[in-house]
Amino acid sequence: MLTSIYDGVIKGDLQSVKEGVAQALTAGYDPSDILTTAMTSAMEEVGRRFENEEYYIPEMLIAARAMHGGMEILRPHLAKTDAEPVGKVVLGTVKGDLHDIGKNLVGMIMEGAGFDVVDLGVDIYPEKFIEAIRQHRPDFVGLSALLTTTMPAMRTTIDKFKDVGIRSQTVVMVGGAPINQAFADEIGADIYAPNAASAARKAIEMLRRT
Ligand code: B12
């Protein structure tokens, strides 16, 4: 069953992914297993094919659309709804970058861990992050970047937080495939997490410490 979801994402077959996810949930598969074993691993394969020029932008786009369709069905199963929020996070993909699957996953997993999530979307300019921080007063601000060319926008965003005097009260988390701990340290981010589960875990650990 998970194989058919995996194949569906790779082929960009939205209908079969949606049906596959619904069936797997009914059959009692763990939602996070469906996500990692069948879906995110399929996106990795899509990336590999793109790199090898077996796939081009249209194939990547339809795979992403299929992934989104499946995630929408999984979302309520990953997210808890009843408990009081443990904290608040503002999330966005930085300026110039349109990739949102990873960021959405971080949002879903953090929601599941009890966070209130304000998702600003993609191509978010520093000014928009600043506006959201002032409005929502989050415990964490999560910046996502998937392109090496948009990694510098993370630094610019953090620098703008300093310029307007909100850096010290803002805990910045960064992530995305090209990001690592060394880069996070270099740009002065507070938390780096390589995946959605560790993002939620690290955020909770930090809240417990404060
Ligand atoms: C799908 C995809 C697209 C889709 C995006 C659809 C969408 N709605 O997101 C489309 C087709 C639009 C696209 C476009 C482009 N893409 Co693209 N894309 C991908 C692909 C195949 C998958 C990305 C993905 O969703 N991965 C799955 C998720 C689950 O993983 P993830 O994003 O890494 O997220 C996890 C962690 O990184 C982390 N994380 C992510 N964000 C955050 C945030 C925080 C705060 C934290 C703590 C953690 C965290 O947690 C996540 C979950 O565990 C990758 C290849 C790859 N393997 O990454 C290429 C890739 C990222 N794309 C690439 C390129 C080049 C492009 C384009 C420039 C192509 C072009 N010539 O037009 C454009 C750029 C458009 C733009 N301005 O952004 C390159 C980037 C190369 C580079 N060195 O920068 C890649 C690596 C492909 C490749 N191998 O060459 N792309």
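Start by selecting the buried residues of α5, which are I101, K103, N104, L105, V106, G107, M108, I109, M110 and G112, where buried stands for under 20% relative accessible area, exposed for over 50% and partly exposed for what lies in between, with a 1.4 Å probe and protein chains only. The model is predicted, so local features need pLDDT of at least 70 and side-chain atom pairs count only at pLDDT 80 or more, while totals for chains, interfaces and linings use all residues. Residues are numbered from 1 along each chain as its sequence is written, and side-chain values use heavy atoms, with hydrogens and water left out.

With 10 of its 12 residues buried, α5 is mostly covered, and its cover includes α3, α4, β1, β2, β3 (140–144) and α9 (196–209), contact being heavy atoms within 4.5 Å. Helices (H or I, at least four residues) and strands (E, at least two) are DSSP runs numbered from the N terminus.

Next, select H99, in the loop between β1 (87–93) and α5 (101–112); its NE2 atom, 2.3 Å away, is the single protein donor to the cobalt atom of the ligand. Donors are N, O and S atoms within 2.8 Å of the metal (3.2 Å for Na, K and Ca), and sites may look incomplete because water is not among the atoms.

Then move to E53, in the loop between α3 (31–51) and α4 (57–78), which has a positive phi of about 60° although it is not a glycine; E53 counts as exposed because its relative accessibility is 56%.

Finish at D123, in the loop between β2 (115–119) and α6 (126–136), another non-glycine residue with a positive phi, about 55°.
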